[in-house]
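Morning, everyone. Please have a look at the structure on the screen, and then I'll walk you through a few parts.

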Amino acid sequence: MAHHESTYNPQGRWAKWWDERLPVARLMNTQFVEFPTPRNLNYLWTFGGILTFCLVAQLATGIVLAMHYQPSGAEAFDSVDTIRRDVNYGWLISKLHAVGASMFFVAVYIHLFRGLYYGSYKAPREILWILGVFILLAMMATAFMGYALPWGQMSFWAVTVITNLFSSLDSIIPGLGTSIVEWLWGGYAVTGKTLTRFYSLHYLLPFVLTGLVVLHIWALHVVGQSNPTGLEIKTKADAVPMYPYAVSKDAFALFAFLLLFMWFVFFAPDYLGHADNYKPADALVTPSHIVPEWYFLPFYAILRAIPEKLLGVLAMFGSIAVLLFVPWLDRCRTVRSARYRPVYKWFFWLLVFTCMALGYLGAKPAEGVYVFWARIFTAYYFIHFLLVLPILGLIETTKKPPASIAESVLGDVASADPSKAS
Amino acid sequence: MKHHFKMPAFASAIVLATALASAPVHAAGGGIEIERQDWSFSGPLGLFDRAQLQRGFQVYKEVCSGCHSINRVRFRNLVEKGGPEFPEEAVKELAAGWDYQIDAGPNDDGELVDDDGEFFTRSPLLSDAIPGPYKNDKQAQAAQNGALPPDLSLITKARNTDYTGPVWFHPIHMLKDIVTAYQEGGADYLYALLTGYSSQAPAYKRDNKGKLLPVKEDDVGSDTVERCATVTHEHDEGKKDVCTPMQEGMNYNAAFAGHQIAMAGPLSDEGVDYKEDASGKPVAPLTTDQYSRDVTAFLAWAADPSHDQRKRMGWLVMLYLLITTVLLYYAKKSIWKRLKKH
């Protein structure tokens, strides 16, 4: 794919002048117009484009919000309320941003599970996958710091709980955890100083994220897209040019996604948030039940499933870190896609169910039967990646994929009767 | 090939459903079931009822404002579209005659205090925030036996209800709330709180194993009963249930977490005189129930003044997106038709 020859032919003197100096138009033409995309992609492959939209939307709304927001402990809560009440369309911009964060995660989780189902991480797409995991991490850090900014009760206590986790590092190197926590806090407690540095990082990280996304897209355009069969593009018949085929499909999918997005923004703007965040932060009043945003709940459940603090923290970060090794943990080399892995398919759905269950348990108090189930599902989460992927890959009898992408769409071209293969 | 992408489509639906279903829907309720009310502003089509907002403001002014501020709302908001929409002149008068003054800052001579050592104050203007009865939290607590009456500007957003049904139904319940755009948890809670007062805590009687069993008020008679704000059931054999009695000065409330609330029941029948219509009857019933509904609607607006504008714009946005999505679908279809079947 990377060796796909450019057929860009600049028209007129101006275009030629540019093409000899900075061939941006040629690059765009090669990578986003002529770029060959597998012709058998389903709608799960539209989430890359949707995610790009989410990132741009968050940047655009975020920059406007930053013009009105006051990142100080005394003013933050009031300034967010003022944005909603007195800034022109502030209620809309702030909700686009808050709901947008949730939609970003909806899309990224679908994107991630699509990769796991179709084996999109397998050679030669390891770097592409690993960049994706780093994007997820950067998103999580950005979202967490962003959630702190309204400086409501849940903001304050989420920051308190999560930053405190680092103190568990004291049990490895005495003093290390405490130092990190004090450095994060900018003092000896969560204060407005913490808020201000979170704000600074919340503005910085999206640019890191953007950089990672550029690398992710670059890596994608070097190795080409995976597809439901997991086969590579071999002939022209396997692919269609990105424009207008993939573009028209992505545009439709994006608008369908926007229907959901805007439903929340206009009709259920507070559904994905927490009522406690409409109370100003108060260091003296602990909410009865501290929970993170929904997209962190599975990880929060893993954290609390483990009775020892440091191990809990390691498991929580480990649950994301393990994704980095998926390309090598999965020992199945004969096929990529779960379509041809009758047993893996079941384990995949078990993992999906596990993540949903962990999400549910993360919203529950850490007591009694909830902890029991959180432990069961946490165990399976790691078993899936550390045992099922390697072992199953070696012993599973895979099905035979079609000979080519074209065949998977059009049927057996070579042996079909001529009337069908017109 | 159709069956091949049913699985991922199903997968995405599931992932999405989980994502949405695991969103927290709890908060202040403390596990107490709160009945949902039918509000004019419920659901994607609901809008505020002007007359109700006006009545609700009257209840706030005559009852709540004695202790609670709504200092994120400005007098001008009462005039603006989407709110109670009082006439501007009436609100100017209202502000000028408001019970509470605001700090005026130094006078023209640069003096900070008057001859008695008090800060200069003035009546609020249209552009001012509606001042509450207390200058600060300390003053409020001093006047209220240590309890702090919260500012009510965001109260309906800062409260919510708990899901109390069976676990297996929870995801379905959440999806239903998303589809019906349920956003009135705070209002439902507030209404339940305002109408949830009883003169005393419920009665219980102990059986011979030490379990506390509820007794209906009508059946109490001359029996000795225990009055418990909350009851903690002990699952271990041989242990007695624990009865938490009401504390001195607290009031029993069915909706409040722990059921003991410092605020006494603020509303009573005929406590607020609504204006009369042409036939000489009040525009709405003079009942605690009606007052509670009206003031809750008013406070729901106070917390979300752009509510009506938001939903109206939402309809246009959804309509635009629907049409465009359909057009894009057919555009995509016709483009993909160009592909030769080889």
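Let's start in chain B: B:Ser198 has B:Tyr252, in strand 9, as its bridge partner. Strands here are DSSP runs of E, at least two residues long, and helices are runs of H or I of at least four, numbered from the N terminus. Two strands pair if DSSP finds at least two bridges between them.

A word on the source. This is a predicted model, where local features need pLDDT of at least 70, side-chain atom pairs count only at pLDDT 80 or more, and totals for chains, interfaces and linings use all residues. Residues are numbered from 1 along each chain as its sequence is written, while chains are lettered from A and ligands numbered from 1 in the order in which they are written.

How confident is the predictor? pLDDT is its confidence in each residue, from 0 to 100. Chain B has a mean pLDDT of 90, and 91% of its residues reach 70 or more. But over residues 1-8 of chain B, pLDDT stays under 50. Residues 19-29 of chain B also stay under 50. For the complex, the predictor gives an ipTM of 0.93 and a pTM of 0.92.

On to chain A. It is divided into domain 1 (31-290) and domain 2 (293-402); the bounds come from an automatic or database domain assignment. Between the two, 27 residues of domain 1 are in contact with 22 residues of domain 2. Contact means C-beta atoms, placed from the backbone, within 7 Å. Helix 6 of chain A gives the largest share of the domain 1 side, 8 residues.

Last, the core. The largest nonpolar core has 108 residues, and A:Ala107 and A:Leu358 have the most contacts inside it. Such a core joins buried Ala, Val, Leu, Ile, Met, Phe, Trp, Tyr and Cys residues through C-beta atoms within 7 Å. Buried means 20 or more other C-beta atoms within 10 Å of the residue's own. Both domains of chain A give residues to this core, so it lies between them.

How values were computed
pLDDT is the predictor's confidence in each residue, from 0 to 100. A residue is buried if 20 or more other C-beta atoms lie within 10 Å of its own, exposed if 12 or fewer, and partly exposed in between; C-beta atoms are placed from the backbone.
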